[in-house]
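This report describes strand pairing in the model shown below.

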Amino acid sequence: FIFYRGYAQQKEVFLKQIEFKLVNVSDKDFENEYFMTIKLNKGTSYKFKITNHRDNFAGKAVFELLDADNLILTNSMGEKYFETFGFVCNKTGFYDILIRFKDKKPGNSVVDICMLQ
């Protein structure tokens, strides 16, 4: 897991914005999650920024990046929660992104994905 905050010297190239809104929490966990696949490139630094509480929803988005079934990055570890975090990719390939809301609350969040140069 790699977290860093020193972005000032690097240029950001906006890649994608993910919006995830969950109004009603379901008994089925998979209905409370957002899932997508993204291609990342070896040697490239990526920045993820989460904006929570849109439209006064209480939920805080938990972001997970997976390589196959292996968790390689998250923004929530125990009591620590990061709204801005980064990742240096060590293998070109397709990665899965899974987003859910902490404490199974309804939420409305946006995740911005940028490449750092």
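## The four-stranded sheet

Four strands form an open sheet in the order E2-E9-E4-E5, and their pairing is antiparallel. Strand E2 (34-40) and strand E5 (70-74) lie at the edges with a single partner strand each, so one side of each has no neighbour in the sheet. On average, neighbouring strands of this sheet are turned by 30° against each other, direction ignored. Strands (E, at least two residues) are DSSP runs, numbered from the N terminus; two of them pair if DSSP finds at least two bridges between them. Axes are lines fitted to C-alpha atoms, and angles run from 0 to 180 degrees between N-to-C directions.

The structure is a predicted model, in which local features need pLDDT of at least 70, side-chain atom pairs count only at pLDDT 80 or more, and totals for chains, interfaces and linings use all residues. Residues are numbered from 1 along each chain as its sequence is written, and side-chain values use heavy atoms, with hydrogens and water left out.

## Pairing of E2 with E9

Seven bridges join E2 to strand E9 (residues 93-101) in the antiparallel sense. Met36 has Ile97 in E9 as its bridge partner.

Strand E3 (residues 45-51) is largely enclosed by the rest of the structure, because five of its seven residues are buried (under 20% relative accessible area, 1.4 Å probe, protein chains only).

E3 pairs with strand E8 (residues 84-88) in the antiparallel sense over five bridges, and Lys47 stands opposite Gly86 in E8. E3 also pairs with strand E10 (residues 107-116), again antiparallel, over seven bridges; here the bridge partner of Tyr46 is Met115 in E10.

Technical notes
Buried < 20%, exposed > 50% of the residue type's maximum accessible area, 1.4 Å probe, protein only.
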